[in-house]
Every structure is written in C-alpha cells, then in structure tokens.
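Student: I would like to learn how to read this structure. Please take me through it step by step.

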Amino acid sequence: MTTDKQSGIIYGINGSVVTGKAMRPFKMREMVMVGNKKLIGEIIVLESDEAMIQVYEETEGLTPGEPIISTGSPLSVKLGPGILTNMFDGIQRPLKAMQLISPVFIPDGIGLLSIDSEKLWETHLTVKVGDQLSGGAVYATVPETELIEHRLMVPPHLEGTVVKVKPDGSYNIEETVVVLEDEHSHRHALKLHQIWPVRTPRPVKLRCEPNKPLITGQRIVDLFFPIAKGGTAAIPGSFGTGKTMTQHQLAKWSDAHIIVYIGCGERGNEMTEVIEDFPKLIDPKSGKSLMERTMLIANTSNMPVAAREASIYTGITIAEYYRDMGYDVAMMADSTSRWAEALREISGRLEEMPAEEGYPAYLSSRIAEFYERAGMVETLCEADGSISIIGAVSPAGGDFSEPVTENTKRYVNTFLALDKNLAYARHYPAINWMDSYSGYLGILQEWFQENIAEDVHTLRNKMLNLLFEENKLQEMVMLIGEEALPDGQRWILEVCRLVRLGFLQQNAFDSEDTFVPLEKQYRMLKVIEVLYDQGVDCLKKGIPTTILKNTELFDGIVKMKYTIPNNDLSGITEIEDQIERYYSELIKQYSEQEDV
Amino acid sequence: MRREYLQIDRINGPLIEITDVRDVFYGEVAQIRSRETGEVRIGKVIKLEGDKALIQVFQPTHGLASENSITGFTGNAFTLPMSKNLLGRQFNGIGEPMDGGPQVYSNREVNINGAPINPMSRVYPRNFIQTGISSIDVLMTLIRGQKLPIFSGNGLPHNQLTAQIISQARLGEGSDENFCIIFAAIGVKHDDEHFFRKAFKEAGVMDQVVMFVNYADDPVAERTTTPRCALAAAEYLAFVEGMQVLVVMSDITAYCEGLREISSARDEVPSRKGYPGYMYSDLATLYERAGMIQESKGSITFLPILTMPNDDITHPIPDLTGFITEGQVVLGRELYQRGVYPPIDVLPSLSRLMKDGIGEGYTREDHQDLANQLFASYSKVMEVRDLSQIMGEDDLSELDKSYMEFGRQFEQHFLGQSFTENRTIIESLDLGWSLLTILPKTELTRLSPKLIEKYLPY
Ligand SMILES: Nc1ncnc2c1ncn2[C@@H]1O[C@H](COP(=O)(O)OP(=O)(O)OP(=O)(O)O)[C@@H](O)[C@H]1O
Ligand SMILES: [Mg+2]
C-alpha cells in the first residue's frame with residue numbers, strides 16, 4: 001500500500017452506507033476505497049473526525065476496523081474514445097471488462113475500471129507547435145466509430161502554447177500527444193482522454209435559445225408535444241404504460257448525433273435488448289448501425305443502490321463531453337424515479353429529516369440541478385452543441401401528485417403523460433393528449449413554418465381542439481348514447497376517431513410506421529383536416545353524418561400509415577383527391593335533389 | 001475458537017442487539033443457543049456500529065432474555081449447499097430439510113443473496129411457452145426466462161390456475177427431462193401447500209420439484225429468506241446444471257409483510273402504507289434473478305403469485321412488482337363471480353416479452369395484430385357495457401349490441417375453459433378469429449386487409 005494515501009477505518013455498516021472514523025484528512029465528496037476488498041465509495045457527509053460514505057458495491061463482508069483509503073479525487077469519469085457502443089455500470093466501469101473477471105454475475109471489489117486503455121486509435125493531430133490553445137480547443141480527432149468523429153479538447157480552464165506535438169498515428173488513450181505550456185511555464189500533457197468530476201457541470205461559452213426541434217419520428221411528439229434540441233421532457237406513467245418503449249423509440253429514431261441511454265434501476269433484460277437490437281438497426285440518415293452513436297449505462301434494479309444515484313451524473317457528464325465537441329446529444333434516463341428513490345434510501349440511512357413521503361428535502365433542488373444540465377449552447381470552442389434530456393418518471397400507484405412527478409413537472413418543458421386506460425385499450429403510444437403539454441411550441445413555430453408548412457401550428461391547434469371537444473361529447477354519449485347527438489357533434493366524434501386511430505396511434509413494431517418523417521406526419525394530419533372541413537360543408541347543406549361516413553374513405557385514412565410509404569407521399573394526394581371528389585359529388589347530388 | 005457472547009442488550013421483535021463484538025462482518029450468520037433448552041436460533045447481522053451488532057433472528061425471539069443464551073458468529077454469510085440432490089426434497093424457509101431426509105452434501109456452498117447478473121451476460125428471452133390457456137397464450141404470452149407474476153385476490157383461484165400451468169406448460173424443448181420446478185411457499189396456509197403437493201403429484205413431476213416452505217404460522221422473519229433460498233437453488237440448477245427451471249412463489253404479499261415488520265422494528269422511516277422505502281430494490285433482488293444467460297442452456301422462468309390487498313392494483317405490493325416484472329396476469333373478482341374460469345382480467349394484464357417471442361417463425365404471423373384487435377375490441381365492450389347500464393341494452397345501437405354480444409362470447413368461450421382443457425396456440429388463435437366475426441369488419445382496425453382475408457372465417 002502506498003504511504004502517501006490517507007487512511008481511516010470503518011466504524012459502522014448499514015446497507016450501502018458505511019461510517020468511517022479517523023477521517024479528518026479526507027475531503028467532502030472524495031472518492032475512497034472501503035475495506036480490504038477496496039470497494040468504491042464516495043464521502044457524502046463529513047463531520048470532524050467522522051464520515052459517511054455511500055458505497056457503490058455490495059457491502060456484505062465488511063468488518064469494522066478495516067481501512068478506508070483516500071484516492072484524493074472526487075468521483076470522476078474518464079472521457080475519451082471508447083465510450084460509444086459500450087455499456088457501463090453507474091460509475092463508468094465497462095460491463096464487458098467485468099465479464100472477463102466474472103463471466104455471469106457482477107463481481108465486487110474489482111476497483112476502478114474505465115474505458116479501454118490499450119486499444120489503439122487512429123489519431124489525427126490538428127495543431128502545430130506554437131499554436132495558442134485555450135479550454136475547449138480541439139487538438140486531435142479520432143474516428144471513434146464509423147459514424148462519430150471524436151474530438152479531443154483542451155480541458156476547460158487550461159490555456160497555453162503548444163510546445164510539442166506527436167505526428168498522426170495510432171495511440172492508446174494514455175498517450176501524451178500534445179504538450180501545452182501555460183503562462184507560468186508549467187507544462188501540461190494532453191492525452192487522448194481527460195478526467196472530469198461527475199458532479200460538476202462542464203462549462204460552456206453561452207447558453208442559447210432551444211429553437212430547433214428534436215425530431216423523433218413519433219407523430220404525437222413531433223406535431224403535438226414537441227421537444228426542442230437542448231430541451232427537457234418527462235414521460236410519467238404507471239407500470240406497463242410504455243415509458244421504456246417510448247424511450248427506446250426516441251433512442252432509436254431521434255435526430256441527435258449521440259445517444260446516452262441510462263437504465264437507472266430498471267430491468268436487466270431491457271439493457272440486453274438494446275445491446276442485441278441496436279447493432280442491427282440502421283440509422284435512416286447515415287445508413288450506419290444505430291449502435292455507432294449510442295452508449296449505455298446500466299444500473300439494473302438489483303444492483304447497488306448508491307451506484308444508481310451516481311449513474312445519472314456519470315451519464316450527464318458523458319453527454320456534456322460530447323456536446324462540447326459540437327454534437328447534439330439526447331440523453332434518456334429510465335427511470336428518474338429510481339434515482340430519486342436511491343436518494344431517499346441513502347437519506348434514510350443517514351437518518352436525515354424526511355420531507356414528503358420520506359424523500360429528503362433536497363429532492364427538488366437535485367431534480368432541478370439535473371435538468372438544468374440540458375440546453376442548447378455555444379461550446380468553449382464556439383461550436384453549437386446541445387443536450388436534450390428525456391426522463392421517465394414512475395409514479396407510485398400511477399398517482400401524478402407524488403413528489404417526484406410533481407417536482408419534475410416544475411423543471412421540464414415537455415410533459416408526455418402516459419395513460420393507463422389508453423394502454424389497457426392498446427392505444428400506443430399511450431400518451432394522453434389531454435394531460436400532456438409542450439412549452440416549446442412557441443419557440444419552435446418559426447422552424448416549423450420555414451421547414452414544413454406555414455400552417456403546422458394552426459392545424460395542430462385545430463385538431464387538438466377537436467379532441468378536447470370529443471372528450472366533452474363523450475361524457476354526453478355516456479348519458480344519452482351517440483345517436484341522440486346532433487349531426488355536427490357526431491361528425492366531430494367520427495373525425496376524432498380517425499385522428500386517434502389513424503394519426504395518434506403509431507405502431508412501433510411496423511417497419512414503416514415506427515419512424516415517420518415530419519413531412520408525412522404533417523400530410524397525414526392535413527388529410528384528416530380536409531375531410532373534416534369538407535364534412536362540415538356538407539353538414540351545412542343538411543347532409544346527415546351517416547352519409548358523410550364513407551367506409552372505404554375512412555378505412556383508407558386509418559390505414560394510410562401502413563399503405564403509404566414514408567418516401568413516396570403521392571398516395572396522400574390521391575386520398576385528398578378522393579375526399580374532394582366524394583364530398584363535392586355529395587353536395588352536387590344533394591343540391592340537385594333540393595332543386596327538384 | 002471464536003468469541004461467544006453471553007448477553008443480549010436489546011430484544012425488539014425479530015431483532016436483537018449485542019455489544020462488545022469484535023471481528024464480525026456485515027451479513028455474517030449468528031447462532032443463538034439457548035442455555036436452558038439448547039435450542040439453536042439462526043440470525044444474520046444487518047447493521048454494525050462500532051462494537052454493536054444488530055441481528056435479525058429467523059426464529060421467534062420469545063423466550064429469549066438478556067442472559068439466557070450464548071451467541072456465536074459462524075464466520076460465514078448465509079449460504080446453502082447446492083447439488084442436483086435437491087430435487088424431490090423439501091426444506092423450511094432457511095433451507096433446513098423438513099422431509100426427514102438427510103442434509104444435502106456438496107462442496108458448493110452458495111450465498112442465498114446471489115449477485116446481479118451482468119446485462120452483457122444475459123440472453124434476451126424469446127422462446128414461447130404454450131400453457132394451453134387461450135387468454136395467456138394469445139394475449140399475454142409466457143416466454144421462457146420471463147418473470148410474470150399473477151396478481152390475485154383473496155379467494156380467487158390463483159392456485160388452481162398455477163397448477164394448470166404447471167401441468168400443461170412444457171418448458172423443456174422436446175423432452176422434459178431437464179425440467180424442474182422450485183416451489184417457494186411464503187406464509188401460506190397448510191391447505192395451500194397440500195394443494196400444490198397434490199398438483200405436482202398429479203402432474204407426475206414430484207421428483208423434479210424442490211420445495212421451500214414457510215407456513216402461515218411459521219416465523220415472519222424467515223419469510224425474507226425463503227424466496228432467496230429458493231432462487232439460489234434455481235440459479236444453481238439453471239445456470240450450473242443447465243436445467244429449465246420454473247419457480248413458483250406464493251405469496252409475495254406475505255413476504256412484503258415480513259419486510260415491513262422488520263423495517264418497523266428498526267424504526268425506519270416508512271414509505272407508502274408503512275412499507276419500507278427500499279421495497280422496490282428489495283423485490284428487484286428477487287425478481288431480477290429470473291432469465292437466461294449466454295454461459296448456460298438453462299433458464300429461470302418465474303411465476304410469483306401475490307394477493308392484492310383489497311383487490312387494489314395500486315397497492316404498493318402489486319405496484320412495485322409491476323414496475324419490476326415483465327408483465328402481469330391479473331385475476332378479476334367480477335369475472336370469477338360470474339363463473340368464468342380462469343377469471344383473467346385481460347385489459348390490465350400484459351406480457352412485455354411477448355412482442356419478441358411471437359409471430360412468424362414462433363407462433364403465427366397474425367398473433368400480435370390479432371391480440372391487439374382482441375384487446376381493443378374488448379376494451380370497447382367495457383365502454384358499451386357502461387352505456388348499456390344507463391340506457392338498457394335494447395336501446396343501444398346495432399353496433400353497440402354487437403359489442404355486447406362479442407363481450408359475452410369472448411368471456412364464455414375464449415377466457416372460459418375448463419381446468420383440464422389444454423388448447424394449442426393454433427386452436428386459441430383460430431378461436432379468437434371466430435369471435436371477431438361477431439363484429440362488423442369495419443371495426444377491425446388493427447388488422448390488415450391481408451390478414452382479414454386469410455384468417456377471418458365467414
Ligand atoms: N409504442 C408502443 N407500441 C407498441 N407497444 C407498446 C408501445 N408502448 C408500450 N407498448 C407495450 O406495452 C408494454 C410495456 O411497455 P414498457 O415496458 O415501455 O412500459 P413501462 O412504462 O416502461 O413500464 P415499467 O414502468 O414497468 O418499466 C410493452 O412491452 C409493449 O408490449
Ligand atoms: Mg420501463
């Protein structure tokens with residue numbers, strides 16, 4: 001054991017929390033190694049001689065009196081090539097490397113592992129001796145995957161002149177490729193990686209307005225409740241309503257450059273599913289496998305709870321690192337409730353005073369701090385980058401008034417409320433259009449007008465209003481039956497049924513419907529509007545709803561998601577023509593009858 | 001010789017506290033021997049603070065006093081010996097033989113807590129298991145390696161349904177040689193345990209069964225170890241011996257009550273309904289042990305049974321379970337009262353693994369769409385029934401009347417089947433299609449014209 005490492009001793013053990021004595025030389029939030037097994041932990045309370053440590057591994061087997069060893073640094077991640085396509089635990093230890101130590105089960109006491117330090121990367125140096133570099137400047141690039149160029153950046157807060165540069169070549173991440181001399185003539189070795197403490201947000205130059213949509217290919221999201229690039233969204237819903245499916249859909253199809261997917265206290269099989277499926281899925285834009293832009297963090301529900309608390313920070317720090325390179329990053333956290341529960345469990349073991357439902361009083365500020373790390377920014381190297389955060393929320397008993405949902409609602413701008421009854425009826429995605437909202441509509445309006453159509457927003461509002469109307473009418477129907485309603489109202493019910501079946505329902509398992517380009521989304525909704533308007537004209541002429549409802553026409557609209565290919569929308573124009581023909585014919589017939 | 005302790009400082013329900021301990025580790029097993037009767041109780045260290053150890057005792061603590069026992073620490077965590085000789089045997093909730101047979105000998109001792117499976121080492125489960133029960137096979141297909149709980153209520157026929165699944169389901173490919181059942185009874189009535197024993201006998205699988213039993217009148221503290229003993233055995237048989245293991249566990253509700261009791265004895269801040277805040281993580285350490293791995297041909301399919309207090313699906317026990325398991329089979333009291341067996345309430349029921357284990361090459365191409373259509377139509381039936389209660393069935397529209405009829409037929413013929421009726425998946429799918437003929441074709445919005453053409457009988 002090296003002598004310069006400080007050491008304390010274990011005093012008590014209570015689940016994932018260990019108390020240490022003789023801890024005076026330690027720092028708050030320092031990473032430590034606990035016990036003879038050298039379990040990884042972090043100091044979360046420091047009071048004179050005593051410290052409380054949350055331990056990221058199984059604590060069974062620890063004995064009071066065993067040593068606690070200082071590492072001198074806070075809980076950090078290693079940032080460099082080798083992150084993408086990999087899966088890590090909550091403190092960035094690669095699960096693949098763990099398999100070599102223990103083939104099936106997660107071992108403990110394996111110390112700190114991180115990204116592969118031996119793998120050689122084809123490195124291109126982009127600076128020369130004499131260049132002035134400051135924090136965020138790119139000094140080398142590496143093709144990390146077929147899809148993503150990894151840009152190595154001078155760590156924030158560092159500035160200086162290049163005094164040495166390696167030639168282009170194959171290097172591992174420990175290799176020093178550039179030496180920088182600062183104004184005090186201190187030399188700094190720049191390697192193919194940097195270290196960053198997870199609880200400190202990485203600095204940016206400027207925060208900007210999130211005025212572009214994160215295009216997800218999911219109709220109800222993109223047109224009804226859009227998420228901005230650099231925005232925040234929450235997906236709350238009780239069990240089995242489709243949080244994970246929606247997160248997977250967004251991870252697969254949204255137009256971000258990088259996906260950071262955190263399985264936070266959820267199922268092992270869901271992570272395995274991503275590992276098995278993503279490599280086979282092809283990104284529609286690049287033609288490359290989706291795995292090439294994805295990294296995963298897995299702290300499954302049965303893994304140590306303290307690492308669950310850390311997993312969120314590990315994930316967001318990695319997201320920030322790629323953002324700093326000038327990428328749009330989308331981060332999914334499934335589920336933030338499990339993270340909040342980890343906070344609660346640790347807080348309980350610390351015997352802190354609980355606030356609502358046993359959660360600590362700082363729950364709200366922690367949630368806020370997390371979502372505030374999202375944003376559209378100008379990076380230190382003056383590139384545009386963004387992090388969009390999409391968090392699943394798992395409210396106990398499906399009750400949205402519980403503390404985690406309530407507090408999340410305060411800090412996110414898009415709220416996609418999943419509905420048990422829709423899920424029971426297998427209306428997927430089970431996003432309830434009455435309870436969901438997006439705060440980005442206004443900011444994104446210009447983008448939609450320029451890129452899709454002048455009337456996207458008016459169309460959306462009109463259709464959403466019809467759905468609100470439908471909701472009221474349905475209450476009436478439950479009392480008097482549909483047939484007792486006046487014709488105008490029955491027409492609304494018919495059209496809304498089309499909106500629900502033909503537009504809002506989207507089949508994640510159908511190869512055509514799983515991702516739909518904005519253009520088609522808009523045209524699909526537009527068709528229904530055309531139908532509605534034509535019907536209203538007919539109604540004014542006194543033509544009854546029963547005649548307006550042409551089965552063939554309606555069927556064509558319900559099935560257009562399957563029958564009209566995403567890359568050829570001529571079929572939609574045909575349907576529109578059919579509608580016009582059918583109803584003008586009707587009006588003609590009807591006025592002829594009147595004339596007679 | 002390790003130190004022994006002659007004094008207990010505090011006794012509180014299942015918990016005892018001993019001071020001045022040395023060299024004891026977190027999770028270590030303790031033996032508390034009565035000086036009066038020689039009886040030995042087993043416990044486990046659940047908290048250490050300096051020289052104070054808090055021990056959870058698995059047998060009743062009554063009769064213990066501050067100075068009438070000797071406590072020693074074994075130097076071991078809670079482990080059990082594992083071998084294929086477990087098959088056909090019966091143990092109590094802490095893994096001691098209770099069938100009069102010998103101790104199991106093996107040089108392989110495993111920690112009953114197990115360890116989390118590395119997600120990289122898992123294999124995503126995709127193999128369909130035919131249970132012969134239409135509603136399950138078509139609408140919430142069971143997959144080998146899945147954890148699929150049965151959400152029941154007091155007095156509902158969950159035991160019968162489970163017995164039917166056990167006797168009809170075939171887990172092993174082709175032959176069933178490599179197949180076994182682990183049954184964990186947690187706080188169950190003697191009657192229930194007899195019922196299962198009889199069911200195993202009738203299915204002719206008794207020597208392929210391992211039982212871990214904690215009766216309703218056995219100590220509550222033992223309830224927290226019963227499922228762990230069972231799952232340790234399951235992991236061994238599946239992942240070391242390569243067997244197809246079905247774990248049946250009843251009743252998770254009793255397990256959770258055990259947790260609550262210990263938590264409250266520890267003065268922990270309770271979460272909803274007095275259950276501890278860590279119940280989600282705790283249940284996950286049971287449920288997540290199901291699955292399949294790359295290293296072995298074996299699998300653990302897990303059917304936990306729980307009774308929902310007051311039939312309330314939002315109660316923390318079913319709620320937290322549903323958040324961890326891969327779906328649920330929900331039994332409905334109303335169906336049961338109307339004489340439908342098995343009374344499976346299909347709308348809240350779900351199998352999450354079904355999507356990858358059905359369809360062409362697994363069951364039949366139409367399976368997913370047909371299932372969606374049946375779900376959608378049956379959920380419409382519920383709306384129409386509400387309406388008919390207000391208006392009377394006679395005043396319903398023709399369309400609504402057809403839904404009423406569909407609902408009746410669906411419940412009687414599709415959900416309803418006898419305890420011994422074993423339907424093939426093809427029979428079940430065809431039955432689903434034949435029921436859809438009751439509805440107008442225009443209502444079949446979940447089915448493509450191609451499928452309708454091919455499968456809808458007219
Ligand atoms: N968009 C969808 N398309 C098709 N099926 C869906 C969709 N969303 C959900 N489902 C169905 O619902 C099931 C449950 O969805 P999912 O696993 O995403 O729920 P969840 O909200 O994450 O639940 P939990 O909180 O328990 O993790 C899926 O297995 C799938 O069968
Ligand atoms: Mg989920």
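Tutor: We begin with a term. A salt bridge is a side-chain nitrogen of Lys or Arg within 4 Å of a carboxyl oxygen of Asp or Glu. Side chains of opposite charge can pair when their charged atoms come close. This model is predicted, so local features need pLDDT of at least 70, side-chain atom pairs count only at pLDDT 80 or more, and totals for chains, interfaces and linings use all residues. Residues are numbered from 1 along each chain as its sequence is written, chains are lettered from A and ligands numbered from 1 in the order in which they are written, and side-chain values use heavy atoms, with hydrogens and water left out.

Student: How many salt bridges are found over all chains?

Tutor: The search of the whole structure gives 65. One of them joins the side chains of A:Glu576 and A:Arg523, at 3.8 Å from N to O. A:Glu576 sits in helix α17 (residues 570–595) and A:Arg523 in helix α13, both of chain A, so this pair ties together parts 53 residues apart in sequence. Helices (H or I, at least four residues) and strands (E, at least two) are DSSP runs, numbered from the N terminus.

Student: Are A:Glu576 and A:Arg523 buried or exposed?

Tutor: Cut-offs come before the answer. Buried means under 20% relative accessible area, exposed means over 50%, and partly exposed is in between (1.4 Å probe, protein chains only). Both A:Glu576 and A:Arg523 are buried.

Student: Which residue forms a salt bridge with B:Glu326?

Tutor: B:Lys147 does, with the closest N and O atoms 3.0 Å apart. This pair links distant parts of the chain, 179 residues apart. B:Glu326 is in the loop between α7 (316–324) and β19 (327–330) of chain B. B:Lys147 is in the loop between β12 (142–143) and β13 (150–152) of chain B. B:Glu326 and B:Lys147 are buried.

Student: And what does B:Asp319 pair with?

Tutor: B:Asp319 forms a salt bridge with B:Arg272, the closest N and O atoms being 3.4 Å apart. B:Asp319 lies in helix α7 of chain B, and B:Arg272 in the loop between α5 (252–265) and α6 (279–287) of chain B, so parts 47 residues apart in sequence are tied together. Now compare accessibility. B:Asp319 has 1% relative accessibility, so this residue counts as buried. B:Arg272 has 26%, so this residue counts as partly exposed.

Student: Which residues are linked in a network of salt bridges?

Tutor: A:Glu273, A:Glu276, A:Asp277, A:Lys280, B:Arg126, B:Lys355 and B:Asp356 are.

Student: How do I read a surface patch?

Tutor: Patches are made of residues with over 30% relative accessible area and no salt bridge; like charges are joined within 9 Å, nonpolar side chains (Val, Leu, Ile, Met, Phe, Trp, Tyr) within 5 Å. Here A:Met476, A:Leu479, A:Ile480 and B:Ile390 make a nonpolar surface patch of about 380 Å². Its largest share, 3 residues, comes from helix α11 (residues 456–480) of chain A. A:Met476 is in helix α11 of chain A. At 37% relative accessibility, A:Met476 counts as partly exposed.

Student: How much of chain A is buried?

Tutor: Of its 596 residues, 61% count as buried. Chain A has 17 helices and 26 strands. Its C-alpha atoms fill a box of roughly 105 × 55 × 40 Å, taken along the principal axes.

Notes:
Areas by Shrake-Rupley, 256 points an atom, 1.4 Å probe, with all protein chains shown as cover.
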